[in-house]
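Work through the exercises below with the sequence and the coordinates at hand. Each task is followed by a solution in steps.

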Amino acid sequence: MFDKLIDRETITDALAVRLSRRTLLTAGAAAGGGLLLSISMPSWIAGAEAADAVSFAPNAFVRIGRDGQVTLVMNQVEMGQGTYTSMPMLIAEELEVELSKVKLEHAPPDDKLYGNPLIGFQVTGGSTSVRGFWKPLRVAGATARTMLIAAAAATWKVDAASCHAAKGEVIHAASGRKLAYGKLVDQAAKLAVPANVALKDRKDFTLIGTSAKRTDSPGKVNGSAEYGIDTKVPGMKIATVAACPVIGGKLGSVDDSKAKAVKGVIKIVKLDNAVAVIADHMGAAKKGLEALVVTWDEGANAKFSSADMVQQMKDASTRDGVVAVKQGDTAKAIAAATTKLDVVYQMPFLAHATMEPMNCTVHVSKDGCEVWVGTQVVSRAQATAAAVTGLPLDKVKVHNHLLGGGFGRRLDVDGVTQAVQIAKQVDFPVKVIWTREEDIQHDIYRPYYYDTLSAGLDDKGKPVAFGHRVVGSSILARWAPPFFKDGLDSDAVEAGSGPYNFDNLLVDYVRHEPPAGLTTGWWRGVGTTHNAFMVEGFIDELAATAKQDPVAYRRALLDKSPRAKAVLDLVADKANWFRPLPAGKGRGVSVVFGFGSYIAQVAEVSVGKDGQVKVERVVCAVDCGQMINPDTIKAQMEGGILFGLTAALYGEITLKDGRVEQGNFDSYQAMRINEVPTIEVHLIDSHEEPGGIGEPGTATIAPAVVNAIFNLTGKRLRKLPIDTSQLKSAS
């Protein structure tokens, strides 16, 4: 996700220029004493507006108090990915303090102060946290260390070069004198920010690259960690909601006489397309909601079904696409090829199904609005609350929390909008909780994709041309309009030809939107995730057509991508690829480049006579550049693999009579513990810039599994989730 929002080459060059020492840091005295370092980042918003927005305004803050406490004000949120450990590691490394000495605070909403330097918005997503802050936070730490050393040297009247820092102290080795940072902050705050500081050499890292323990784990284990749903505000009541079950439908009439009779029910709130019950507690709110007699205006989509959607996308796929990548003459090369392939791949709508139910607490008063929520886009949450209330931004305060699962669901603020609409109608704080059924049936879904792929092979089986037409809705057009240019959604076509090299290549895009009311959005690596399944499945088809080994076939296409070839070689070695498997097992491979990282996976599967697929082993090789915390990387890969397996085996949102048919984990299944395969993760030691790790593991697993199924059964699956009816007695 977001990878096409980020022009990597441009950003690398620009950051090198813009992150000069003069513009990066300013220093001063913190309120109440101590050193305050203000880190300035370039805002990165495309288009003409960007030029005005690039003001190097402060983006993150490091405070060092007189007690030596280091505080990092975090604009990135923690949703299980380890950000609250890896980000402090960057600054602690250069500042020469122990990780345990760095305290975190959630940043308030402010795009100019706290915008992600790679994207420009205040957003956590797209595996951009470490990528965006890898250098700025280290520079900030190194600068603070340099200033503290200078302050100590001035105190001792010695050359600063004769001093060094360690464990939160400045040390003068010749005399054995030491001063703790807290004793130096007032003097350091008076010094000019040095124009240049040297970052530590990689060989001198003592924290970066180590498997430091997660700093957020104790609170999650002992229950003290606070998520949005833990919010308690004096006088707060609970609300739950039912929106029109038909997408795009409206609220008709409501008979609330029985609901009002439920003990604890306080108020019934009507919205344009929904109704909410406010009560003393969730139990009463749910009973009140169930007691309502509601008539819905189902509108134009009352008969809409998934079959209608697929037919419309099939029709759309025949239209000319907007060209995303073009080299050579693909049509001519395919026409002249010895062998031609032309196939269709499909991926379904997907919901997010976050473990922490979606929730938002709001108090609207005459003086302002307060919002308590766990969100990936805190400034957007503030903006939507301001828009709904009519209040200026500075009258809307947002308290961000830990996220009990994001996956892109909390990149949208539809819940904040609805919660504020409800809270406006009462004079007390309201926590709105959406049941899992309500959330799954009114989610912002991962788009349905209907892609056509074509290729031509020469007489040796080598592809002479590769074509990929992506058909789906545009998230960028809704979520980030400046990035939707000339009809092209650059995220939708991300990784549209994989890491491979083709002499003749055409990737194009046809936008097709679902009916109004069904909104599509980010789902853990949207573009790369969906295209990896399409491309890696198709590459496997080409290898089979050429009667060549899938690993060897891929290697021959990766001469211009040595890092991709390296992860492929590593995973093949660790998976014993060239040794035969026992009877009844199949093995498949996939290779993905996404979010700045290279991933290869091998899946081993078996298939029962009833067609049920058991993924027995997954071997994963990762080159994500400089590792910050190897243990976090492995955990992210493991989690991403299981998340992707859930989608590959079970994930599907379907529509009948305009209604989403799934409602909870009984009908929208998640992988169970007893289904979890053996997972091995192997990391490549790299000196490259850090890549993202939050999403690549998810993107890579589905094609590896379907390729393994083909290896075992000879059945080529071009649609997810896996249709077990096609595999009965196939093994």
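A residue counts as buried when its relative accessible area is under 20%, as exposed when over 50%, and as partly exposed in between. The model used throughout is predicted.

**Exercise 1. Salt bridges**

Task: State how many salt bridges a search of the whole structure finds. Then describe the one that Arg659 forms with Glu298.

Solution. 
Step 1. The criterion is a side-chain nitrogen of Lys or Arg within 4 Å of a carboxyl oxygen of Asp or Glu. The search returns 32 salt bridges.
Step 2. For Arg659 and Glu298, the closest N and O atoms are 2.6 Å apart. Arg659 belongs to strand β29 (residues 659–660), while Glu298 sits in the loop between β13 (293–297) and α11 (306–316), so the pair links distant parts of the chain, 361 residues apart.
Step 3. Arg659 has 29% relative accessibility and therefore counts as partly exposed. Glu298, at 27%, also counts as partly exposed.

Task: Are Arg410 and Glu356, and likewise Asp540 and Arg716, buried or exposed?

Solution. 
Step 1. Arg410 and Glu356 meet in a salt bridge, 3.5 Å from N to O. Arg410 is in the loop between β18 (396–400) and α14 (414–423), and Glu356 is in the loop between β15 (339–347) and β16 (359–365). The two are 54 residues apart.
Step 2. Arg410 and Glu356 are both buried.
Step 3. In the salt bridge of Asp540 with Arg716, the closest N and O atoms are 3.5 Å apart. Asp540 lies in helix α17 (residues 526–545) and Arg716 in the segment after α21 (696–713), so this pair ties together parts that are 176 residues apart in sequence.
Step 4. Asp540 and Arg716 are both buried.

Task: Which residues are linked with Arg214 in a network of salt bridges?

Solution. The network links Glu78, Arg214, Asp216 and Lys220.

**Exercise 2. A sheet and its helices**

Task: Give the strand order of the open sheet of seven strands, and identify its edge strands.

Solution. 
Step 1. The order is β11-β12-β9-β19-β16-β17-β18, and the pairing is mixed.
Step 2. β11 (265–270) and β18 are the edge strands, each pairing on one side only.
Step 3. From one strand to the next, the twist averages 20°.
Step 4. An example of parallel pairing is β9 (residues 237–243) with β19 (residues 430–433), over three bridges. Here Lys237 has Val430 in β19 as its bridge partner.
Step 5. An example of antiparallel pairing is β11 with β12, over five bridges. Val265 has Ala279 in β12 as its bridge partner, and a hairpin of three residues joins β11 to β12.

Solution. 
Step 1. Helix α10 (residues 282–291) packs on the sheet and touches β9, β11, β12 (274–279) and β19. Its direction makes about 30° with that of β9.
Step 2. Helix α13 (residues 378–389) lies across β16, β17 (368–373) and β18, and runs at about 145° to β18.

**Exercise 3. Aromatic pairs**

Task: Classify the pair Tyr345 and Phe533 and the pair Tyr500 and Phe502 by ring geometry.

Solution. 
Step 1. Ring centres must lie within 6.5 Å; planes under 30 degrees apart are stacked, over 60 edge-to-face, and the rest tilted. By this rule there are eleven aromatic pairs.
Step 2. Tyr345 and Phe533 are 5.5 Å apart centre to centre, with 75° between the planes, and form an edge-to-face pair. Tyr345 is in strand β15 and Phe533 in helix α17, 188 residues apart. Both are buried.
Step 3. Tyr500 and Phe502 are 6.4 Å apart centre to centre, with 55° between the planes, and form a tilted pair.
Step 4. Tyr500 is buried with a relative accessible area of 7%, and Phe502 counts as buried at 2%.
Step 5. Tyr500 and Phe502 belong to one aromatic cluster with Phe466 and Phe538.

Terms used:
Residues numbered from 1 in each chain as written. Predicted model: local features only at pLDDT ≥ 70, side-chain atom pairs only at ≥ 80, totals over all residues. Heavy atoms only, no water. Helix = DSSP H or I, 4+ residues; strand = E, 2+ residues; numbered from the N terminus. Buried < 20%, exposed > 50% of the residue type's maximum accessible area, 1.4 Å probe, protein only. Pairing = 2+ DSSP bridges. Axes fitted to C-alpha atoms, helices over the stretch in contact; angles between N-to-C directions. Contact = heavy atoms within 4.5 Å. Phe/Tyr/Trp six-rings, centres within 6.5 Å; stacked < 30°, edge-to-face > 60°.
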